[in-house]
Amino acid sequence: MNVDIDAKIPNNVDLAGDRRLQRALESWQPKFVQWWRDLGPVDFQELPVYLRTAVDVGREGWANFDYVHMPEYRWGIFLADAEPDRRIAFGDHRGEPVWQDVPGEYRADLRRLLVVQGDTEPASVEQQRSLCLTAPSLYDLRNLFQVNVEEGRHLWAMVYLLHRYFGRDGRDEADEMLERHSGDPDHPRILGAFNEPTPDWLSFFFFTYFTDRDGRFQLASLRESGFDPLSRTCDFMLKEEAHHMFVGATGVGRVVERTVELMKEHDTEDVRPFGGIDVQTLQRYLNFHCSVSLDLFGAETSTNAANYFAAGLKGRFKEEARDDDHRLHDAMRTVPHVTDGGVGRREAPALAALNETLREDYIADCRKGVDRWNRTLADVGEELRLPHVGFNRAVGTFSTRRIAPDGTLLTDDEWQSAVDGWLPTDDDHTFVESLMVGVREPGRMAGWLAPPSAGIHAKPVDFEYVKLS
Ligand SMILES: [Fe+2]
Ligand SMILES: [Fe+2]
């Protein structure tokens, strides 16, 4: 499909060939831009930012880098190229041709999947809107904005599917995406982690590491969908998502690097007096963001998850690489189960346990970055650890129990007396906040993190990523 890059809404879905749809989306567009102005970044909206814009999906480059005023960013609709003769890879329809339209019996489920995914995209922009005031460098400021505009485009991706395939209901859902707001007591975002504020840059780096990574795993499962337009949409979104993973992994990595540098220089673990973030504080932030992100995968067993899979709507991570029958009707597995006696496991049908399967794949992926950070920390004999899957959980079997980061079942009293060592305290927040001073000179970095090893798009680190004058 050709790319219409000059259209009011850039797209490769032949919007011009469907006037009704085009009109409907063009009337949603100003509401979106208004939302961006009201709830997007609190500053810098009128300044040129060096940003990547998706302009195509092809192999020979899919993005353009240039200075852009954010409200004029070209949010477009792009589906990855169709795979000829693609077949459904899992569930009860395995082997059948993929659907180009929504099967009537799955309409409600698919709509729900799109709405839940779509809702997270603008939510994170809202959560991060004040961070621009305290960016540790222009390079980081630009990366924040890149993540923000792309989350905006991800909303466009879901809104396109809702408008195109769900008629009036879909248009209503698209409007509601702009009416729910992160942390709004009356109209909150759908998922818990997306109502937590992202108050500082350490939180932002851990958020992009853990919570954007949940997004990556959800998108990767939806890419398997038998509903081909959803699959192709997610396929392309994952390209952008890779940069969000990069921002998180390298962001935390640079903080760790600086911490180690200060520990060596001053021969102490207590680097706070020297403007660094000590390893214990990093561990507490990690524990928090990891545990709230684990909740996003849902309960250990779920009828919805089983139904989505059986119906061919949402597969597993890397479905086709798996060595089983891809239907899972007779398969069993074990899932975590906690009782008064302690943390154990129970047997469950594999189909019902798909949330747990995805959560495990996610945890394995999270571990890779932690291992990389630990190679730096090894220099000073320290390490960071992922907490036990049951730690600080609000969803599933662990939600009514207290579990230590090492997996020990605790009484309420034991938890209360130890929790300050495990989750960020008021004192931690105050300290981290005290380090958050906006640095706006090209190439300069705040003192609590190391510079990146390279700039963006082959530009130097001291490039003027945001033009302040
Ligand atoms: Fe996203
Ligand atoms: Fe993201």
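The legends below describe close-up views of a predicted model.

Local features are described at pLDDT of at least 70 and side-chain atom pairs at pLDDT 80 or more, whereas totals for chains, interfaces and linings use all residues. Residues are numbered from 1 along each chain as its sequence is written, chains are lettered from A and ligands numbered from 1 in the order in which they are written, and side-chain values use heavy atoms, with hydrogens and water left out.

View 1. The iron ion (ligand 1) has Glu 121 (OE), Glu 151 (OE) and His 154 (ND1) as its protein donors, lying 2.1 to 2.2 Å from the ion; donors are N, O and S atoms within 2.8 Å of the metal (3.2 Å for Na, K and Ca), and water is not among the atoms, so sites may look incomplete. Along the sequence, these donor residues follow the spacing E-x29-E-x2-H. Glu 151 also coordinates the iron ion (ligand 2), which is 3.5 Å from the iron ion (ligand 1). Glu 151 and His 154 both lie in helix H3, three residues apart, about one turn of the helix, where helices (H or I, at least four residues) and strands (E, at least two) are DSSP runs numbered from the N terminus. Both Glu 151 and His 154 are buried, with buried meaning under 20% relative accessible area, exposed over 50% and partly exposed in between (1.4 Å probe, protein chains only).

View 2. The side chains of Arg 52 and Glu 150 form a salt bridge at 2.8 Å, N to O, the term denoting a side-chain nitrogen of Lys or Arg within 4 Å of a carboxyl oxygen of Asp or Glu. This pair links distant parts of the chain, with Arg 52 in strand S1 (residues 48–54) and Glu 150 in helix H3 (residues 138–177), 98 residues apart. Arg 52 and Glu 150 are both buried, and the structure as a whole holds 35 salt bridges.

View 3. Arg 168 and Asp 172, which both lie in helix H3 and are four residues apart, about one turn of the helix, meet through their side chains in a salt bridge of 3.8 Å, N to O. Arg 168 is exposed, with a relative accessible area of 57%, whereas Asp 172 is partly exposed at 32%.

View 4. The side chains of Arg 345 and Glu 360 meet in a salt bridge at 3.5 Å, N to O. The pair links distant parts of the chain, Arg 345 in strand S4 (residues 342–349) and Glu 360 in helix H8 (residues 354–377), 15 residues apart. Arg 345 is partly exposed at 49% relative accessibility, and Glu 360 is likewise partly exposed, at 33%.

**View 5. Cysteines without a disulfide.** A search of the whole structure finds zero disulfides, a disulfide being a pair of cysteine sulfur atoms within 2.5 Å. Cys 366 is in no disulfide, and the nearest cysteine sulfur, that of Cys 290, is 5.6 Å away. Cys 366 is buried, with a relative accessible area of 1%, and Cys 132 also counts as buried, at 2% relative accessibility.
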